Amino acid sequence: MIRTLIVDAEGQAMTGGEELIARWREMPDSRLWIDMQGESMAREREMLEAFDCHPMAIDDAHRERHPPKIEEFEGHTLILYRGISSFDADLNYTPQQMALFLGERFLLTLHPGRAQSIDRLLAQEGAALLQRSTEHVALKVMYHSAGYYLDSLLEFENALSDLEDALMLNGRDALMRQVIGYRSRLVKMRRVFNYHVGITQELTAYDYSHLPRGNQDTLHAINDVHERFDRLLTLTQMYYDICGDLVDGHISLSSHQLNITMRILTVITAVFVPLTFIAGIYGMNFVHMPELEHRYGYFVVLGLMMSIGVGLVWLFRRKGWF
């Protein structure tokens, strides 16, 4: 699907398909935004070559799972961005690569599936942003996309708090598997956000011709995107640390409970070892055992065993072993 938005010098917006490209070429003061969703690589390459996009930039945009980056070419700037097609409060998300080809009068966006941030801009403020400049549209796409990440992460904070309470009340293995699953997803998200923070840091530090820092509005938009991704990176790191603390706490609590159990078993063993020793001696079938003919021998040995057992229990309890 190819969607096109044109804004002329007077601020009049027109939406449609490929037929608007020829009209844009006839209006030198107009700006163009073409969004290509789910198009074939051949069709995308044909469209990009028509705007004189660099072959290396096209190859990078079509490379599967390319890390997010920003790179400047003679007639345009390429931004590779990792967007999302779905995301929920349990951190189950489906990422998708987005490529933004940013020129002085045009913006080309490529993505395989639905992009909520682009749909939102095309339906609402896309024309107003495009009238200002193409870089404002590109930065707003990234800003809104980061907002969808942020909303789901903030919802996850409530789920993580409930999970922490559940672990304190009843630390089951199922809950621990859930926490470990969260940690794994947070690591992947942290890696993505780290790439995106790197992109915005480059935009802040270096002056790209199509994203000029000298323009205060552009610099302000860049800072907004950077702050949002920096917050996402900070949140994922914080949630990762919390999940790690929950895992360590559960392991420590399990080890403590195991130590208590082993201590009780050790006390029981220590009590019964001397009693078993005495019973073993008098259980031997020798004929000439002097105590066997003693009238009160059985009661004496039984009393001795009881005294030893009670004495050991008293001693261990005094030492605080149980």
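**Salt bridges, a surface patch and a cavity**

Glu18 is partly exposed, with a relative accessible area of 36% (buried means under 20%, exposed over 50% and partly exposed in between, with a 1.4 Å probe and protein chains only). The structure is a predicted model, in which local features need pLDDT of at least 70 and side-chain atom pairs count only at pLDDT 80 or more, while totals for chains, interfaces and linings use all residues. Residues are numbered from 1 along each chain as its sequence is written, and side-chain values use heavy atoms, with hydrogens and water left out.

Glu18 forms a salt bridge with Arg43, at an N to O distance of 2.1 Å; a salt bridge is a side-chain nitrogen of Lys or Arg within 4 Å of a carboxyl oxygen of Asp or Glu. Arg43 belongs to helix H2 (residues 41-50) and Glu18 to the loop between strand E2 (13-16) and helix H1 (19-26), so the pair ties together parts that are 25 residues apart in sequence. Helices (H or I, at least four residues) and strands (E, at least two) are DSSP runs, numbered from the N terminus. Arg43 also meets Glu46 in a salt bridge of 3.5 Å, N to O. These two residues, Arg43 and Glu46, both lie in helix H2 and are 3 residues apart, about one turn of the helix.

A further salt bridge links Lys69 to Asp60, with 2.7 Å between the closest N and O atoms. Asp60 is buried, its relative accessible area being 7%. Through shared partners, salt bridges join Asp60, Arg63, Lys69 and Glu71 into one network. The count of salt bridges comes to 8.

Ile268, in helix H8 (residues 216-281), is partly exposed at 41% relative accessibility.

The structure holds 1 cavity of 30 Å³ or more. On a 1 Å grid over the protein atoms alone, a cavity is a set of points where a 1.4 Å probe fits but cannot get out, and lining residues have an atom within 4 Å of a point. The largest cavity has a volume of about 40 Å³, the volume being the space filled by probe spheres set on the points, which are joined across faces, edges and corners. Its lining residues include Gly83, Met98, Ser117 and Tyr148.

Notes: 1 Å grid on protein atoms, 1.4 Å probe; cavity = no way out; pocket = protein on both sides within 12 Å on 5 of 7 lines; lining within 4 Å.
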